[in-house]
Amino acid sequence: MRGLAAIVHCAAQNNDGPSDAQGLESSNAVLTERLAEAAAEEGVARFVYLSSIRAVADPGIDIAIGDDTVPAPTQPYGRSKRNGELAVLAAARPGFRPLVLRLPPVYGAGMRGNLGLLLRLARTPAPLPLAGLGARRSLISAEAAARAVATLLTIPGPARPTYLAADLAPVSVPEIVAAFRRGLGRRAGLFSLPETLLKTAAALAQHGDAWAGLAASQICDPASLIAAGWVPDSDSLAGLERLAARSGRA
């Protein structure tokens, strides 16, 4: 930590693969606390902790998330990220004011999770039974997330300890897949099946958690970060289309 002007802490154990509650807590809360304490002791001026909307709500919850939404995570990953937030904020002292930046699912090269799954499905030639999924959710591009971090590193006097970033317009699963396939130079190829049937199929394939994340609406309002000078992306779908086009050329 010695001699550093600022730290952006984005290292974490995520929930894309097998994980246990103890490992998540150790990586995302205990080690985060040690890092924040060390930064404070060495006089680091600015500390930004990249958190997740999972620290506020579980994947299957329909919710509008604002700056002041009361966190209520029940799953191990979300609890560990929330405990990481609390540890960072508890390290605050005169001359050291850490900040938390909560992000929705981030799209960019190498993305995993549900967005990575949808891109893999979009690459297949098969028609997909996703046209009837009407839930909408906020996303953010990797570039917009980086701009959000830069904003928090440079604003002279943060108005609050916790901020939320997201692209302006929430999108649905059918729109995401259609954007990916446009970027790949293909037709959307979507049709509808009852959601109950899709939910059952996902459970049988042991993808129940992924289904929960796809079927719920989670819309984020980044008003405070915009007021601080951050400029969000207005159109997630255009960004997803460009991403798929680049991946198709790789």
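Predicted model: local features only at pLDDT ≥ 70, side-chain atom pairs only at ≥ 80, totals over all residues.
Let's begin with the helix. α1 runs over residues 21–41, and its 21 residues reach 29 Å from the first C-alpha to the last, close to the 30 Å expected at 1.5 Å a residue. Along the way there is a kink of about 25°, centred on S27. Just after the helix, G43 takes a positive phi of about 80°.

Several residues of α1 are buried, among them L24, N28, T32 and A36. The cover over the buried residues of α1 includes β1 (6–9), β2 (46–52) and α2 (76–90).

Now for the charged pairs. The structure holds eight salt bridges, including these:

| Side chains | N to O distance |
|---|---|
| E42 and R2 | 3.1 Å |
| D68 and R160 | 2.9 Å |
| E85 and R82 | 2.8 Å |

E42 sits in the loop between α1 and β2, while R2 belongs to the segment before β1, so this pair ties together parts 40 residues apart in sequence. E42 is partly exposed, at 32% relative accessible area, and R2 is exposed, at 70%.

D68 lies in the loop between β3 (63–65) and α2, and R160 in the loop between α4 (142–154) and β8 (162–164), so their bridge ties together parts 92 residues apart in sequence. Here D68 is exposed, at 63% relative accessibility, whereas R160 is buried, at 17%.

E85 and R82 are both in helix α2, three residues apart, or about one turn of the helix. E85 is buried, at 0% relative accessibility. Salt bridges with shared partners join R82, E85 and R102 into one network.

Definitions and conventions. Residues numbered from 1 in each chain as written. Heavy atoms only, no water. Helix = DSSP H or I, 4+ residues; strand = E, 2+ residues; numbered from the N terminus. Expected span 1.5 Å × (residues − 1). Bend = angle between axes of the 7 residues up to and from the residue. Buried < 20%, exposed > 50% of the residue type's maximum accessible area, 1.4 Å probe, protein only. Contact = heavy atoms within 4.5 Å. Salt bridge = Lys/Arg side-chain N within 4 Å of Asp/Glu carboxyl O.
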